[in-house]
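Me: I would like a close look at one part of this model. Please take the interface between the two chains.

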Amino acid sequence: MTDLALVLEHAGRPDVVAHLSNSDPKRVVPLLAKKRLDIADLALLLSPGAAPLLEDMARRAAAITRSRFGNAVVLYAPLYISNHCSGNCPYCGFKNTMNIRRVTLSLDQIRKEAAVLRDAGIRHLLLVSGDGPGTETDDLCAIARELKPLFPSISVEVPPLSQPDYARLLSSGVDGVTLYQETYDRCRYHRLHADGPKEDFDFRLDALSRAGAAGMRRLNIGALWGLSDWRADALSLGLHARFLEKECWRSQVLIGMPRLHQVPGDFAIPHPVCDRDFVHIIVALRLFCHDAGIVVSTRERPEFRDNLLALGATQFSAGSKTHPGGYAGDVDGGSQFDIDDCRSAAAVQDALSQKGYDPVLKDWDAGFLC
Amino acid sequence: MTPDSLVIAGRSFTSRLLVGTGKFSSAQAMKSAVEASGAQIVTIALRRMDLDDPGQDNMLSVLDFEKYLILANTSGARDADEAVRLAHIARNGGLPPWVKVEVTPDPRNLLPDPVETLRACERLVKDGFTVLPYMPADPILARRLEEAGAATLMPLGSLIGSGLGIRTADAIEIIIEQAHVPVVVDAGLGLPSHAAQAMEMGADAVLVNTALAIAQNPAAMADGFRLAVQAGRTARLAGPGATSREARASSPLTGFIR
C-alpha cells in the first residue's frame with residue numbers, strides 16, 4: 001500500500017467514523033476557534049451535528065479565505081482536445097457507449113480554439129481529454145509547446161500518467177495537473193470503474209504525488225459529488241489535500257468541486273448532494289485547509305457560484321464549453337457535461353467586479369518554467 | 001534632497017511606506033489605497049503583470065509610472081534561477097531595473113528561502129539590478145545579503161498576510177543595528193500600530209499590502225498606516241527615553257544625597 005493509501009485508511013478508523021456520524025452541535029462549537037484542525041476535527045465538522053452551525057462555520061471560512069486570498073479570484077477556461085474515451089464510467093457524457101459525435105481536434109483546430117479563448121482574455125488554460133488516439137503524452141507536449149506563447153499557465157486534466165510523463169509535460173510548459181479521484185470509497189470506485197482504463201484505484205490516487213514529484217506547481221484534486229457518501233469522501237479529500245501539502249510542499253494544492261447534476265441516460269445519481277451540503281463541504285474543507293485553492297466550475301448556476309466566493313472558492317472557470325470545438329464552432333463533438341453557468345468570460349468578470357472581487361486572468365508567468 | 005529622506009541605491013524618497021498591490025477588490029480600490037498611503041514605491045507581482053498587453057492589464061494601467069517607482073517582485077519563484085529569470089523578464093518588459101527578490105518555495109507559509117534568496121541576490125546584483133530582498137529575520141543572512149550588494153534588507157515581521165505584527169523583534173533590532181543599508185520591515189504588519197512599532201525600533205521603512213487590501217476601507221487604512229509611519233519615525237528621531245519594567249519614582253529615595 002502506498003503512503004497516501006495508508007493515510008487514507010485513517011478515515012476508516014472506528015473513532016473517526018464515530019465522529020463523522022456525531023449529532024451533537026456542542027462537540028463542534030470549540031472547533032470554530034481552534035487554530036489547526038486534525039482528522040477527528042474534520043470528521044466532526046462534516047458530521048450532521050455541524051449542520052446547525054453552518055452559518056458560524058461559513059463566517060469563519062469567509063474570514064480565513066479573505067485573509068489568505070484577499071479579494072482575488074483566478075479565472076480559467078477548459079479546452080477540450082478530444083471526447084474519445086475507452087472508458088465506460090456510467091456518469092460521464094464521454095463514456096464509450098454514449099452515442100455522440102466523437103472528435104479529436106487537430107493542432108490547427110486547437111489553435112483556432114485557443115485564439116478564441118485568448119481573445120476573450122483567458123490566460124489560464126486547462127487542456128482536457130479522454131484517452132483516445134491523439135492524446136498521448138507526446139501529443140499533449142506538442143500542444144502545450146504550441147499554446148505556451150498564448151497562455152502563461154497551462155494545466156492538464158487527462159488520465160493519470162507516470163512521473164516521467166509528468167516531467168515531460170512540465171518541460172513542455174504545463175505547470176498544473178487536475179485529476180479527480182471521483183470517489184475515495186474503494187468498493188464503490190471499483191463497482192463504477194470495473195474492467196475499464198480507470199480500474200486501478202491506487203495508480204489514480206497517487207497520480208498527483210507523482211505530478212508533484214515531477215515538479216508540477218499546481219495539484220488539483222477532487223471527488224465527484226453525488227457518487228458516494230459526501231461526508232466520507234470529503235473527509236478523505238481533506239486528508240489527501242493535507243498529505244499533498246506535506247509531501248509536495250513546493251506545490252500549491254487545489255480542491256475542485258465538481259458536482260453531478262444531470263447524467264447520461266439510465267444512470268441515477270447514487271448520493272445527490274444538495275446546495276446546503278455542497279456549502280457544508282466547502283466551508284469544512286476551508287476550515288481544515290486554509291491555503292488550498294477551491295475551484296468551482298460552470299457545472300454550478302451563476303448566482304449560487306458567485307455566492308461561494310465569500311465562503312472559500314478562489315478559482316472559477318468562465319465562458320466554458322465542454323466539448324471539443326466548442327469555442328471556434330467549426331467542429332461540434334458531444335459534451336462531457338451540461339453547464340449551468342453559461343455566462344461569457346466577460347460577463348463573469350463583470351459580475352465578480354460588481355460583487356467586490358478582482359477577477360484575475362493572469363496569476364502565473366511562463367518565465368517561471370522556461 | 002529634503003531632510004530625513006529614505007535613500008535607496010542613491011535614490012531619495014520622502015515616504016517611508018512601501019505598498020503592495022495584491023488581494024485588492026479592484027484596480028481602483030488598489031489605486032485609491034496607494035494614493036492615500038503616500039507611498040512612492042509600489043510593488044507588483046510579476047506573475048500578475050501582462051507585459052505583453054499592458055493596456056489590458058488592470059493593475060499596470062491604473063498606476064502612474066511617472067509618479068511611482070514600480071518595483072516588480074518575484075513572488076511565486078521557488079529558487080534563484082526562477083527569480084533571476086523573472087527579474088530579467090520584467091526589465092526586458094520595460095520596467096526599471098529594480099527588483100524585490102521573493103523566493104518562497106513553500107506556497108503555504110511563503111517563508112523566504114535564505115539560501116536561494118542569497119544566490120538570487122548575488123546574481124542579480126552582478127547583472128546590474130538594484131536588489132531589495134525579502135528575507136527571514138536572520139542577522140547573519142542580513143550581513144551576507146549586504147555583502148552581496150543588496151540595496152535594502154527586508155526582514156519579515158511575521159508570516160506574510162498574517163497581520164500578527166512584529167514577532168521577530170529581537171532579530172530585527174540586531175539587523176537594524178548592524179546594517180549599512182536601509183532596513184524595511186516587510187510582511188505581517190496588520191495594523192498601523194505595528195508599523196509605528198517598526199519605525200520606533202529604528203526601521204528605515206515598512207512595506208504593507210494585505211492589511212490594506214482586506215480592510216473594509218483600504219484607502220482609510222492606508223492613510224492610517226501613513227500617519228503611523230510618520231509618528232513612529234518622528235518618535236525614533238526624537239530619541240525615546242529608556243524603558244523599564246519597574247516603576248521609577250519621581251521623588252527618588254536617594255534624592256537627599258548632595
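How many residue pairs are in polar contact between chain A and chain B?

Reply: The count between chain A and chain B is 21 residue pairs, both residues at pLDDT 80 or more. A polar contact here is a pair of N or O atoms within 3.5 Å; within protein, one must be able to donate a hydrogen and the other to accept it, and residues adjacent in sequence count only if both atoms are side-chain atoms. This is a predicted model: local features need pLDDT of at least 70, side-chain atom pairs count only at pLDDT 80 or more, and totals for chains, interfaces and linings use all residues. Residues are numbered from 1 along each chain as its sequence is written, chains are lettered from A and ligands numbered from 1 in the order in which they are written, and side-chain values use heavy atoms, with hydrogens and water left out.

Start with the secondary structure. In chain A, α4 (54-69), β6 (252-256) and β9 (358-360) each supply at least two residues of the side that touches chain B. Helices (H or I, at least four residues) and strands (E, at least two) are DSSP runs, numbered from the N terminus. The largest share, four residues, comes from α4(A). By class, this side of chain A has 11 nonpolar, eight polar and 11 charged residues. Nonpolar means Ala, Val, Leu, Ile, Met, Phe, Trp, Tyr, Cys and Pro; charged means Asp, Glu, Lys and Arg; the others, Gly among them, are polar.

Now the extent. 30 residues of chain A are in contact with 30 residues of chain B, contact meaning heavy atoms within 4.5 Å. The buried area is about 2500 Å², and carbon and sulfur atoms give 43% of it. That is the accessible area (1.4 Å probe) that two parts lose on being put together, summed over both. In chain A, Asp358(A), Lys362(A) and Phe368(A) lose the most area to chain B, together 23% of what that side buries.

Charge pairs come next. The rule finds four salt bridges across this interface (a side-chain nitrogen of Lys or Arg within 4 Å of a carboxyl oxygen of Asp or Glu). Asp358(A) pairs with Arg48(B), the closest N and O atoms being 3.1 Å apart. Arg123(A) pairs with Asp50(B) at 3.4 Å. Asp50(B) lies in the loop between β4 (41-45) and α2 (58-62) of chain B, and Arg123(A) in the loop between α5 (107-119) and β2 (124-128) of chain A, so this pair joins two chains.
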